[in-house]
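This report concerns side-chain charge pairing and surface patches in a protein model. The sequence and structure are shown first.

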Amino acid sequence: MSTYKIALAGNPNCGKTTIFNSLTGANQKTGNYPGVTVEKKEGSYNFKQSKYQVIDLPGIYSFSTNSPEEVIARDVILEEKPDLVVNIIDTSNLERNLYLTVQLMEMEIPYLLVFNMWDEVQKRGCNIDLKKISEAFGAEIISFVGHKGIGVDQLKEKIFTNMGFKRRNLLHYSHETESLIAEIENVIKASTKAYENIPDKWFAVKLIEKDSRITTMINNYGNIKEEVDLRIEHFEKKTDEGSDIYIAEQRYGFISGVCQKYVRNNVELRHSVSDKIDAVLTNKVLGLPIFIALMYLVFKLTFVVGDPLMGWIESSFELLSGFIEGFWAEGSESLLKSLILDGVIGGVGGVVVFLPNIILLFLAIAILEGTGYMSRAAFIMDRIMKSIGLHGNSFIPMLIGFGCTVPAIMATRTLENRKDRFTTLLVAPLMSCGARLPIYALIIPAFFPSVMQAKVLAIIYFSGIALAILLAKLLRSTIFKGETETFIMELPPYRIPTLRSILMQMWSRAMIYLKKAGTIILAISIVMWVLVTFPRTDKFAEYYAEQETLLRKQNLTEKVLNEKLEELQMKQQSDELAYSITGRIGKALEPALKPLGFDWKIGAAMIGAFAAKEVFVAQLGIVYSVGEADEESQTLRDKLKENYTPLIALSIMLFALISAPCMATIAVTKRETNSWGWALGQLAGLTLTAYIVSLLVYQIGKLMGF
């Protein structure tokens with residue numbers, strides 16, 4: 001069976017992903033391109049005794065080098081040399097989409113044109129002469145209705161018949177440009193072989209465009225660089241215009257000429273129904289309230305609908321733990337048992353329990369993207385977010401962060417600009433997630449009167465928002481320094497996305513979380529298990545066994561005896577935790593934590609909270625010998641009130657707010673940035689910030705007499 005490689009290229013919102021899903025079905029895999037965070041989608045299908053490997057290139061407007069997406073798309077075409085590039089065109093926005101097609105033609109590679117959204121063209125009575133346009137571009141054209149899946153078999157047939165046919169560059173530049181191209185071709189031919197298997201004319205055109213990647217290929221040949229620069233400088237003086245702009249104008253001139261000849265009634269189709277809808281949805285008065293209402297629905301869907309499913313998953317893992325525990329005798333302290341139950345199953349459960357949130361989040365995002373509303377959301381929020389150096393789309397992940405930071409960080413995939421994306425995912429943990437709420441619910445009623453409780457909770461939440469704004473501004477003026485990306489976004493027409501496309505997009509992203517982040521989280525879970533389990537000693541078991549024997553010899557009622565035995569068990573757990581690596585680290589950190597008002601017990605609980613923030617409450621229950629406490633435990637609240645002040649309580653909550661929410665957050669940051677450096681940098685940065693803020697609050701509070 002022969003194997004062929006196909007690349008799908010096109011503008012954002014042209015329907016490329018829908019066509020990719022129609023061709024490949026379930027035979028897909030998703031990851032990232034090496035060294036970058038740009039998503040890589042690959043799939044395959046069989047047709048006429050041959051296998052076709054399909055690469056879904058990032059959506060781009062041009063093969064320049066202004067973004068990682070553009071560089072990747074161009075490198076795949078030039079270096080991996082697919083047997084055919086299928087260029088997907090949004091026919092309702094023909095002239096804009098054909099700019100990429102012209103550049104494909106300049107590369108002189110095999111390509112096929114797919115005029116998608118053909119049904120919209122027909123509805124508006126727009127007449128397009130496909131035969132003449134095909135002749136003008138020297139490539140075959142097929143009309144297609146991607147969102148209905150109409151024409152998939154015909155597309156496969158056309159791919160089969162067009163495989164490997166190189167196209168000629170039929171674009172005729174001006175006389176001055178053609179002369180300059182010929183001169184540069186002669187220079188590079190005579191002096192270097194810095195490029196291979198790249199058309200001479202295309203290479204010369206890219207040099208004239210001052211393409212940074214192509215220019216670097218001749219930088220080591222000083223004489224060539226000087227000769228090329230001299231000719232371009234002379235050309236720009238002669239034309240009184242930048243050579244890159246001049247080339248772009250001639251491409252657009254070619255496209256405009258083709259469309260004027262062979263397209264009749266070519267109105268901007270998307271400005272009909274879509275503009276009427278936009279008059280309401282992007283209205284200056286109504287746009288923001290409607291957007292907030294929709295985001296609230298996304299939030300409700302992700303977390304309210306997801307909560308029962310999360311509970312079901314937790315119950316399933318509890319049943320699994322109970323079943324496996326049955327293989328050991330009651331009360332067994334087997335290390336293997338502890339590793340499987342607390343390390344492996346606990347770690348896997350910590351990953352899988354978020355799956356409903358992930359699935360529902362990306363279901364909502366897929367629907368918003370598929371309908372075309374996501375572009376409007378960015379447009380509406382851009383003015384507000386731009387004031388803090390972020391993109392309009394940054395608002396959505398930050399909003400989701402109030403439910404859970406893990407899906408919030410994954411939602412930054414909607415941001416194309418690397419600076420915006422990294423800034424957003426680095427500050428997203430400052431949105432107080434649901435896992436922190438048990439900490440607040442335990443501490444606030446213990447230290448603050450009922451009349452103050454809502455105000456204190458509001459202070460905590462707004463402190464996270466304010467700090468996120470400050471840190472975003474700091475990051476955008478230092479590490480990610482540069483002008484905020486100009487908001488230029490084509491608003492696609494509203495469409496009804498296909499159910500298949502939505503489900504496949506949702507599931508592929510959920511699988512990324514399970515396959516990649518899950519393995520990291522499992523490893524960290526085992527490390528956390530080691531920290532609370534070792535070193536081990538028999539002295540506590542022996543001592544408390546003696547105490548149990550003495551208790552049983554006393555003439556106590558069964559109820560009192562059981563209470564005393566439970567109290568002994570809790571004290572043993574507390575002593576064992578203090579003796580463990582976690583307890584020892586907590587005690588070792590106590591001098592550093594004391595200026596924040598913390599003791600070793602708070603330190604040990606904070607270490608446990610790295611597994612998941614809600615573990616903080618359970619760890620405090622152990623160190624204070626009150627058993628398996630939750631946020632409503634009055635006994636634990638009383639213990640805390642005996643040992644700490646309201647000022648210390650506020651310091652604790654601020655530290656819990658600002659420090660990394662959990663190990664899952666760090667794992668997903670690693671996954672999304674493709675770098676342990678950024679993940680560990682986020683962990684260190686948030687921890688340091690939490691320390692500084694808690695220190696200032698506690699010390700200033702003391703000076704003020706609190």
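## Salt bridges

Glu548 counts as partly exposed because its relative accessibility is 32% (buried is under 20% relative accessible area, exposed over 50%, partly exposed in between, with a 1.4 Å probe and protein chains only). Glu548 pairs with Arg552 in a salt bridge, with 3.0 Å between the closest N and O atoms (a side-chain nitrogen of Lys or Arg within 4 Å of a carboxyl oxygen of Asp or Glu). Both residues lie in helix α23 (residues 539-553), four residues apart (helices are DSSP runs of H or I, at least four residues; strands are runs of E, at least two; both are numbered from the N terminus). Salt bridges with shared partners also join Arg74, Glu106, Lys206, Glu209, Asp211 and Arg251 into one network.

The model is predicted: local features need pLDDT of at least 70 and side-chain atom pairs pLDDT 80 or more, while totals for chains, interfaces and linings use all residues. Residues are numbered from 1 along each chain as its sequence is written, and side-chain values use heavy atoms, leaving out hydrogens and water.

The count of salt bridges is 21. One of them joins Glu140 and Lys158 at 2.5 Å, N to O. This pair links distant parts of the chain, 18 residues apart: Glu140 is in the loop between α5 (130-137) and β8 (141-143), and Lys158 is in helix α6 (residues 152-162).

## An exposed helix residue

Leu703 lies in helix α31 (residues 676-703). Leu703 is exposed, because its relative accessibility is 77%.
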